[in-house]
Each structure stands twice: as structure tokens, then as C-alpha cells.
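Try each task before reading its solution.

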Amino acid sequence: MSAAPRCVWLDGRVVPAQEAKVSVFDRGFLFGDGVYEGLRAFGGRVVGEQLHIDRLKAGLAAIGVKGFDAEALPAMTRELLAAEGLEDAFIYWQITRGAPPPGLAARTRKASELRTFAPTVVGFATPQPSLEHCCAPAVKTAAVVEDPRWRRCDIKAISLLGAVLAGLEAAAQGAEDAILVRDSLVAEAQHANVVLAVDGAVVTPALDSVPMLAGVTRRLLLDACPEIVEQPVTVEQLRRADEIMLVGTTTMVTAVTALDGSPVPGAAGGAPGPVCRRLYDTLVEAIERDIARPVQEAAS
Ligand SMILES: Cc1ncc(COP(=O)(O)O)c(C=O)c1O
């Protein structure tokens with residue numbers, strides 16, 4: 001299911017993967033200066049497409065990258081999927097500030113010069129299971145890790161070193177994922193948001209409580225399940241939760257079965273608990289509704 005892409009979208013057209021070349025002076029390569037989106041398509045339809053577009057626009061505006069219209073994403077994605085011959089896929093889009101125009105220093109840091117760059121746009125798609133094959137939540141173990149990342153986790157930045165460090169620390173503790181905590185408040189996992197069943201309620205960390213990404217999957221679930229409460233979530237709540245769930249585009253709703261080596265009570269015997277299974281089914285239904293929406297004409 002994770003075959004290497006045969007095609008790459010690069011700066012306006014689809015090319016064979018082996019021909020996709022980017023300058024070593026590209027700001028994404030040298031500085032991690034760019035943003036990305038990870039989309040999921042079922043039957044050729046992208047889930048939460050407008051939410052991804054809006055988040056990408058916000059990220060590009062936050063880092064001051066101009067020259068790419070995120071509204072073009074649906075048409076680009078359709079073209080990429082058709083070239084790759086995929087309908088059920090994960091699609092990665094990355095927009096960096098680009099390489100320096102002729103005459104500029106390779107590693108210029110002058111803000112006035114950064115405004116003259118043209119962005120580099122790269123995308124590729126890999127196969128994923130169809131929605132019919134999304135039948136049950138996955139399970140994984142997690143460790144609590146002090147969040148080593150910067151404070152602008154609302155930006156989906158390509159520089160993921162903080163998440164990599166957290167993952168290495170979790171792995172050193174024998175866990176498969178890290179749940180990141182800052183000032184004793186739960187933020188998110190390495191690549192997913194967190195939802196807990198605790199004290200008889202279903203809660204997810206509020207976006208303004210601690211730096212984190214506004215996940216598309218989190219939004220779909222909040223819209224579909226009014227019972228989920230957004231609030232600051234403490235590490236103590238995490239540790240006494242009946243169930244811990246990770247939610248994200250490829251994660252869907254995944255059950256955490258053990259935290260820091262101790263079993264999570266609601267995921268007895270390593271199986272997803274009742275809240276997790278309910279949220280998973282709710283997400284699948286929300287995805288079914290979302291991908292049944294009328295096709296929008298390409299913006300450009
Ligand atoms: C740090 C982080 N949080 C949350 C998410 C979940 O976001 P989404 O549901 O949009 O995939 C991701 C997805 O990559 C992520 O990297």
C-alpha cells in the first residue's frame with residue numbers, strides 16, 4: 001500500500017518521479033522554509049477539501065509566501081491522481097519559498113529579498129485503502145513527551161524536526177507515538193490530534209490552550225459529534241482517561257492501548273474501546289457525506 005510514487009507534480013506539471021528535480025538552494029531544503037498539506041482521497045474525492053485549502057492559505061499567509069493560489073489544489077490533485085492512476089490515496093502537497101532568483105545570495109536572510117522569491121510546488125500521491133476497507137480503528141502505544149517544537153504549531157510547517165525528536169524519545173521508551181505536553185497541558189500527537197474519554201465526557205484540547213495544529217479530522221469529528229468538548233486538557237486527565245484516541249487524515253481514529261507502558265483502561269486487552277469505535281464509525285459516516293458533496297469547478 002505504500003508504493004513509491006511514479007509521478008510528481010512539480011511547478012505546474014506532472015513529471016515522472018525520477019525527473020523531478022529541485023534546486024539545492026531551495027529554501028525548503030536549506031531552511032525548512034515552507035508549508036505542506038496531507039490530503040486523503042476516497043474514490044477520487046478529497047476529504048475536507050475546503051478545510052485543507054483554507055489551512056494552506058492561512059499557512060502561506062503566515063509565512064508570507066505569495067505566488068501560489070491554494071484554490072488550485074482540487075484541480076492539481078485531480079490531475080495528479082489521474083496521472084498516478086489512483087482513486088484511494090494519500091496526497092502530499094508542499095509549497096516552499098523557492099530558490100533565490102538570479103543575483104541573490106544562496107542563503108539570503110533579508111526580508112526584502114525573500115519577497116522576490118517564486119514558490120516551489122511539489123506534490124505526489126501514494127495508494128491507501130478504500131473507504132470500504134476502513135472497518136475498524138487501528139491501535140498503537142504512546143508515551144508522554146515534553147513538546148520540543150516551536151510555538152507556531154498552528155502552521156503546518158515542513159520542518160518536522162521537533163516531531164522527529166519526540167518520536168525518537170517515545171521509541172526509546174518503547175512506544176510507537178508521542179503525546180506532546182507543554183506546561184502540563186496536552187497538545188497533540190506527532191501527526192494527529194488527541195481526543196479523550198475521561199470523567200464521563202469526551203474532550204479534545206482547545207486550539208487556544210496550547211500550540212497545536214487545527215486538524216481537518218478533528219474538525220470533521222467536532223462537527224459530527226456535538227458531545228465532544230473543546231477545553232484545556234491536563235496531563236493528569238490524560239493519565240486517568242478511560243480511552244485515548246488519536247485523530248488525523250491517515251490515522252483516522254486510532255486507539256492508544258498503553259500510555260507510558262501502562263494499559264489504557266478502556267482499551268482492555270489491546271482492543272479499541274467503545275468510544276473509539278463509535279468515533280471511528282462517526283468519522284467514516286462524516287467522510288461518506290463529505291465525499292458525496294457536489295463537485296466544484298476548478299478555481300483556475
Ligand atoms: C502535528 C499534527 N497534528 C494534527 C494532525 C492531524 O491533522 P489532519 O486531521 O488535518 O490530518 C497532523 C496531520 O498531519 C499533524 O501533523
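The exercises below concern a predicted model, starting with a sheet and ending at a domain interface.

**Exercise 1.** Work out the strand order of the open sheet and find its edge strands.

*Solution.* Start with the order: the six strands run E2-E1-E6-E5-E3-E4, with antiparallel pairing. Next, look for strands that pair on one side only; these are E2 (13-16) and E4 (45-46). Then zoom in on E5 (residues 89-96) and E6 (residues 120-127), an antiparallel pair joined over eight bridges. In this pair, Gln94 sits opposite Val122 of E6.

**Exercise 2.** Find which strands helix H2 touches, and give its direction relative to E3.

*Solution.* Helix H2 (residues 49-63) packs on the sheet, where its contacts are with E3 (34-42), E4 and E5. Comparing directions, H2 makes an angle of about 175° with E3.

**Exercise 3.** Describe the interface between domain 1 and domain 2.

*Solution.* Second, count the contacts: 23 residues of domain 1 meet 17 of domain 2. Third, take the area: about 1,500 Å² is buried between the two domains, with 72% from carbon and sulfur atoms. On the domain 1 side, Tyr36, Leu51 and Arg55 supply 38% of the buried area, more than any other three residues. Finally, assign the elements: E3, H2 and E5 each give two or more residues to the side of domain 1 that touches domain 2, and E3 has the largest share with eight residues.

Technical notes
Residues are numbered from 1 along each chain as its sequence is written. This is a predicted model: local features need pLDDT of at least 70, side-chain atom pairs count only at pLDDT 80 or more; totals for chains, interfaces and linings use all residues. Side-chain values use heavy atoms; hydrogens and water are left out. Two strands pair if DSSP finds at least two bridges between them. Helices (H or I, at least four residues) and strands (E, at least two) are DSSP runs, numbered from the N terminus. Contact means heavy atoms within 4.5 Å. Axes are lines fitted to C-alpha atoms, for helices over the stretch in contact, and angles run from 0 to 180 degrees between N-to-C directions. Buried area is the accessible area (1.4 Å probe) that two parts lose on being put together, summed over both.
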